[in-house]
Amino acid sequence: MSRNQLENTLLRLAQPAVKAQGLDIWGLEILDGQHMTVRLFVEIPQSQHALHEEVQDDAAENDAAQKADVQGSLSAQGAQDAQCAQDAQGAEGDAAQPLEDDIAVLSASVDQCEAISRQFSLALDAEDVIDRAYTLEVSTPGFNRIFFKPEQMKPYTGELIEARMGELFAPGPDMPKRRTWKGILEDVREDSFVLAPASADNEGEIRMESMAPVTIPFAKARRVSRIHVFRKPAKPGKGPGKAQKKGKKA
């Protein structure tokens, strides 16, 4: 059985277990070696992502409207009291809002992954499609998700992407050859994508290269993934209270 045939067979056998949990298959990865590893990535349906985004947009609009009402009622004499009320309201809003890339809401649960793993393993044993020892892993794509087809990349336009090529690759005649291309995703086409070459430094800041955007054929890439940039938190400065206290001593 060829590798493509094996992948198609595994996807076919995994489908019932994934659908039973109300999830979709994001992709399948087979790692060869002395001990084969099969990784199945599952995700909630795109319709649920869209619904969550609508709820988030509505919440943001309501929050903006409430802040506008508070600001509209400010007077010069009562500005300090109103600011205190607004700060308290903001603290409550921050506690209610989900964190960035809320995995708890937008991802499959551990229980769902375990249920899929059990049912998928039974199907693999019954079909006997893998003729050697293997390890099965079922998980969500996570922050730094791998892309298995170009259309999966579209929601991540504007984010940092890494493309590991199968061999040294130059996107154009006057461009350098690289085995790994990183950049901000500008466009996704039917069988390729466009990156503005860039990288992230140790502080989590994006550094653009002085190079024109490059077009990379998806089929030439060995692995395409998102790079989730965690920005280093700023060091806390001296508070006004400390500064005033120091001034009194002087």
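Helices (H or I, at least four residues) and strands (E, at least two) are DSSP runs, numbered from the N terminus. Keep that in mind for the first stop: select alanine 200, which sits in strand β7.

Before clicking further, some ground rules. This is a predicted model, where local features need pLDDT of at least 70 and side-chain atom pairs count only at pLDDT 80 or more, while totals for chains, interfaces and linings use all residues. Residues are numbered from 1 along each chain as its sequence is written, and side-chain values use heavy atoms, with hydrogens and water left out.

**Around alanine 200**

Color by accessibility and alanine 200 comes out partly exposed, at 37% relative accessibility. (Buried means under 20% relative accessible area, exposed over 50%, partly exposed in between, with a 1.4 Å probe and protein chains only.) Now show its contacts, meaning heavy atoms within 4.5 Å. Leaving out residues up to four places away in sequence, alanine 200 touches Leu160, Glu205, Ile206 and Val229.

**Along the strands**

Next, select β6 (residues 178-188) and β5 (residues 160-169), which pair antiparallel over six bridges. Two strands count as paired if DSSP finds at least two bridges between them. For a landmark, find alanine 163, opposite tryptophan 181 in β6. On to β7 (residues 192-200): five bridges join β6 to β7, again antiparallel. Leucine 185 has leucine 195 in β7 as its bridge partner. The β6 and β7 pair makes a hairpin, with three residues between the strands.

**Charged pairs**

Stay here and show glutamate 162, which is buried at a relative accessible area of 12%. Which strands does its pairing with lysine 182 tie together? Lysine 182 lies in β6 and glutamate 162 in β5, so the pair ties together parts that are 20 residues apart in sequence. That contact is a salt bridge, with the closest N and O atoms 3.7 Å apart. The cut-off is a side-chain nitrogen of Lys or Arg within 4 Å of a carboxyl oxygen of Asp or Glu. Glutamate 162 also meets arginine 164 in a salt bridge, at 2.9 Å from N to O. Arginine 164 is partly exposed at 34%, and lysine 182 is partly exposed at 33%.

Jump to arginine 39, whose salt bridge with glutamate 29 has its closest N and O atoms 3.6 Å apart. Arginine 39 is in strand β2 and glutamate 29 in strand β1, so this pair ties together parts 10 residues apart in sequence. Glutamate 29 is buried at 12%, whereas arginine 39 is partly exposed at 27%. Then select Arg3, Glu7, Asp32 and Arg132, which are linked in a network of salt bridges. The structure holds 14 salt bridges.

**Down helix α1**

Finally, select residues 3-20, helix α1: its end C-alpha atoms are 26 Å apart, in agreement with the 26 Å that its 18 residues should span at 1.5 Å a residue. (The expected span is 1.5 Å times one less than the number of residues.) Its buried residues are Leu6, Thr9, Leu10, Leu13, Ala14, Ala17 and Val18. An α-helix has 3.6 residues a turn, so residues three or four places apart point the same way. After α1, look for glycine 22, with a positive phi near 70°.
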